[in-house]
Amino acid sequence: MVVGRIKLPTFFNMDLEDYARGWNKFAKGLEGELIKQMHEKKEVFEEFVTEQLYSGVNGDEVPLRPTYTQDPYFMQFKNPKAEAERYKKWKAKIQPPARSYLGFNPRDIDTPNLIIRGDFYSSITAVPIADGVMIASQGLMFSADIENKYGNVIYKISDKAKRHYITFFMSKRIQSFMKECGL
């Protein structure tokens, strides 16, 4: 006696040709869908860069260098070491190092975070491009000085930020697009 019987086409609630069409649509449209999402969520990438910098790391997840005590800026003072020490203590007091939601540990108090007044952070902009977004500083006179000192890697999205984006944004868009494709 046969209690239940499931045939392959009824298992999918569609025939195999419909299923193949859905996967074909998914394969052809996924990249465009994900790029569209990056354009829509460009502010998230700006936030990632500022969060990395606040944590004192660049996009390669390497601590920002020079440190305050190594920074040539302080050489202009009569006692460079004392001035650097005073500055890093002041900076730690007004912006205490904290753990990042991206998973970065609190920065060392000698590690810069590139925020004083906030205008550099506000200038960090993600611009939509054909295959994603490009991140740079826009509209700020001294951003070139920061880039020369710390390198363009300050605008790179770290692996931790990428994992966060995939987990909380991209995976949901992929699931939604699969449904749109009938899968």
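At what angle do helix α2 and helix α3 pack, and how far apart are their axes? Before you look, note that this is a predicted model, in which local features need pLDDT of at least 70 and side-chain atom pairs count only at pLDDT 80 or more, while totals for chains, interfaces and linings use all residues. Residues are numbered from 1 along each chain as its sequence is written, and side-chain values use heavy atoms, with hydrogens and water left out.

Select residues 16-40, which are α2, and then residues 42-54, which are α3: the two helices pack at about 65 degrees, with their axes 4 Å apart. Helices here are DSSP runs of H or I with at least four residues, numbered from the N terminus, and an axis is a line fitted to C-alpha atoms over the stretch in contact, with angles running from 0 to 180 degrees between N-to-C directions. The angle makes α2 roughly perpendicular to α3, a term that covers 65 to 115 degrees. Now show the side chains of Met38, His39 and Glu40 in α2 and of Lys42, Glu43 and Phe45 in α3, which make the contact (heavy atoms within 4.5 Å).

Next, select Tyr68, Tyr73, Phe74, Phe77, Tyr87 and Trp90, which form one aromatic cluster. Within this group, the rings of Phe74 and Phe77 have centres 6.2 Å apart and planes at 35 degrees, so the pair is tilted; rings of Phe, Tyr and Trp (its six-membered ring) pair if their centres lie within 6.5 Å, and planes under 30 degrees apart count as stacked, over 60 as edge-to-face and the rest as tilted. Phe74 is buried, at 5% relative accessible area, whereas Phe77 is partly exposed, at 28% (buried is under 20%, exposed over 50%, partly exposed in between, with a 1.4 Å probe and protein chains only).

Finally, go to Pro106, in the loop between α4 (80-94) and α5 (119-123). Pro106 is partly exposed, with a relative accessible area of 44%, and, leaving aside neighbours within four places in sequence, is in contact with Pro97, Ala98 and Arg99.

How values were computed. Angles under 35 degrees count as roughly parallel, over 145 as roughly antiparallel, 65 to 115 as roughly perpendicular and the rest as oblique.
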